[in-house]
Amino acid sequence: MTNSGKNVVVVDDDEFMRTYLSETLMSGGYGCRTFPSGAAALGWLAAGEEHVNLLLSDLNMPGLNGMDLLRTVKAVSPDL
C-alpha cells in the first residue's frame, strides 16, 4: 500500500463501495487498503505493518459498526 506516504484504509461491507473508493483514491495517487469489516481492519491495523494517514469507514455495518471502529482506532492510535 505504501505510496509516497499517503495511505488510506477503506472499511465498508459493500464491495462496490470498497472498490469504487479504492480505485478513486489510487487514481489520485493514494495508497489504499480495503476491508469488508471493522474487525478485519482492526486486525490489520494492530499488526502495525504500514503507516496509515486516513481511515474511511461505513457507519452501518454488521458486527463492529463504523463509530465503534473509529472510537477503538482513536483510543489506540490517536494520530490517525
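Ser22 is located in helix H1, which spans residues 15–27; helices (H or I, at least four residues) and strands (E, at least two) are DSSP runs, numbered from the N terminus. The structure is a predicted model, in which local features need pLDDT of at least 70 and side-chain atom pairs count only at pLDDT 80 or more, while totals for chains, interfaces and linings use all residues. Residues are numbered from 1 along each chain as its sequence is written, and side-chain values use heavy atoms, with hydrogens and water left out.

With a relative accessible area of 11%, Ser22 is buried (buried means under 20% relative accessible area, exposed over 50%, and partly exposed in between, with a 1.4 Å probe and protein chains only). When neighbours within four places in sequence are left aside, Ser22 is in contact with Cys32 and Thr34, contact being defined as heavy atoms within 4.5 Å.

In helix H3 (residues 66–76), the buried residues are Gly66, Leu69 and Val73. These residues lie on the same side of H3, because they cover an arc of only 60 degrees around the axis; the arc is that of the directions from the helix axis to the C-beta atoms. An α-helix has 3.6 residues a turn, so residues three or four places apart point the same way. Arg71 and Ala75, on the other side of H3, are exposed. The cover over the buried residues of H3 includes strand E1 (7–11), helix H2 (38–47) and strand E3 (54–57). The N-terminal end of H3 is capped by Asn65, a side-chain oxygen of which lies 3.0 Å from the backbone nitrogen of Met67.

The largest pocket has a volume of about 200 Å³. On a 1 Å grid over the protein atoms alone, a pocket is an open set of points where a 1.4 Å probe fits, with protein on both sides within 12 Å along at least five of seven lines, and lining residues have an atom within 4 Å of a point. The lining comprises 14 residues, of which Leu45, Ala46, Val76, Ser77 and Leu80 lie nearest the centre of the pocket. H2 and H3 each supply at least two residues of this lining, and the largest share, four residues, comes from H2. By residue class, the lining divides into eight nonpolar, four polar and two charged residues.

Ala46 belongs to helix H2 and is exposed, with a relative accessible area of 69%. Ala46 and Val8 are separated by 38 residues in sequence and by 15 Å in space, C-alpha to C-alpha.

Technical notes: A polar contact is a pair of N or O atoms within 3.5 Å; within protein, one must be able to donate a hydrogen and the other to accept it, and residues adjacent in sequence count only if both atoms are side-chain atoms. Grid points are joined across faces, edges and corners, and a volume is the space filled by probe spheres set on the points. Ala, Val, Leu, Ile, Met, Phe, Trp, Tyr, Cys and Pro count as nonpolar, Asp, Glu, Lys and Arg as charged, and the others, Gly among them, as polar.
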